[in-house]
Amino acid sequence: MKFFIDTADVDAIRELHDLGMVDGVTTNPSLILKSGRDILEVTKEICSFVEGPVSAEVVALKADDMIAEGRKLAAIAPNIAVKVPLTWDGLKTCKVLSGEGFMVNVTLCFSANQALIAAKAGATFISPFIGRLDDINLDGLDLIGDIRTIYDNYDFKTQILAASIRSANHVKDCAMIGADVVTAPPSVIKALANHVLTDKGLEQFLKDWAKTGQKII
Ligand code: G3P
């Protein structure tokens, strides 16, 4: 499973990139706001060291305008994935831009039918939002499973990019279901390494080591 980092915080991406944890990056207008940076400038900086797909989102609502914005974003670097919302105009944009050879990430997906139609429109990635479904007492992971089944039934090549990941358990569950990619905030990626028994075991080892009076170096 690939790890994308869901942030426009360049320092946080660099830290994980140095550990080989970054297969790609996703951004959205809220994350650009949080970064306090200009979208074109920060996206270019991210693409200067991230080799995998870097999603940059359009903000227009009409297909013609979305296509123009998408082409401008795609011109930043060859590894840009143009992110478009799952609306009818977004699907038209997806069809046009994917036909031009650009990667397209169709975002704000909340149903299996939306994922099906995005695959028909040629999406490179579909972004189902798990956490936001959980927020309204629906099961975001059920959606990932449904999309996996549908895509496998018909051999769609669109990659399931599980988004709105809020916890380490979300990552594990997505991996079990077979999502192609998870995009998670840096804090969630780091939390994957945590276990209370690791901390406890290490504490005991260090106590016992001190009693040996030995040194390795
Ligand atoms: O990739 C989409 C993601 O940023 C949304 O996450 O936590 O705002 O629902 P969240």
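Visitor: How are the residues numbered, and what pLDDT do local features need?
Guide: Residues are numbered from 1 along each chain as its sequence is written, and side-chain values use heavy atoms, with hydrogens and water left out. This is a predicted model in which totals for chains, interfaces and linings use all residues, side-chain atom pairs count only at pLDDT 80 or more, and local features need pLDDT of at least 70.

Visitor: How many helices and strands does the chain have?
Guide: Helices (H or I, at least four residues) and strands (E, at least two) are DSSP runs, numbered from the N terminus. Along its principal axes the C-alpha trace spans about 70 × 40 × 30 Å. The secondary structure of the chain comes to 11 helices and 8 strands.

Visitor: What percentage of the residues count as buried?
Guide: A residue is called buried under 20% relative accessible area, exposed over 50%, and partly exposed in between (1.4 Å probe, protein chains only). Of the 217 residues of the chain, the share that counts as buried is 46%.

Visitor: Which residues surround the ligand?
Guide: A residue is near a molecule if one of its heavy atoms lies within 4 Å of it. By class, the shell around the ligand has 2 nonpolar, 3 polar and 3 charged residues; here Ala, Val, Leu, Ile, Met, Phe, Trp, Tyr, Cys and Pro count as nonpolar, Asp, Glu, Lys and Arg as charged, and the others, Gly among them, as polar. The surrounding residues are D6, N28, F129, R132, A163, S164, R166 and T183.

Visitor: Which side chain makes a polar contact with the side chain of T183?
Guide: T183, one of the residues around the ligand, is in strand 8 (residues 181–184) and is buried, with a relative accessible area of 2%. A polar contact is a pair of N or O atoms within 3.5 Å; within protein, one must be able to donate a hydrogen and the other to accept it, and residues adjacent in sequence count only if both atoms are side-chain atoms. The side chain of T183 reaches the backbone nitrogen of D6 at 3.4 Å. At 2.5 Å, its side-chain partner is T26.

Visitor: Which backbone oxygen does the side chain of T27 reach?
Guide: T27 lies in the loop between strand 2 (24–26) and helix 2 (29–35). Its relative accessibility is 2%, so T27 counts as buried. At 2.7 Å, the side chain of T27 reaches the backbone oxygen of S55.

Visitor: Is N105 buried or exposed?
Guide: N105 is found in strand 5 (residues 103–109). The C-alpha atoms of N105 and K95, 10 residues apart along the chain, are separated by 11 Å. Because the relative accessible area of N105 is 0%, this residue is buried.

Visitor: What is the phi of N137?
Guide: Most residues other than glycine have a negative phi. N137 lies in the loop between helix 7 (130–135) and helix 8 (140–154), and at 73% relative accessibility N137 counts as exposed. Although N137 is not a glycine, its phi is positive, at about 65°.

Visitor: What is the phi of D155?
Guide: D155 is placed in the loop between helix 8 and strand 7 (159–162). With 52% relative accessibility, D155 counts as exposed. D155 is a residue other than glycine with a positive phi, near 55°.

Visitor: Which side chain is joined to that of E15 by a polar contact?
Guide: E15 lies in helix 1 (residues 10–18), and its relative accessibility is 42%, so E15 counts as partly exposed. The C-alpha atoms of E15 and V196 are separated by 24 Å and by 181 residues along the chain. A polar contact of 3.0 Å joins the side chain of E15 to that of K190.
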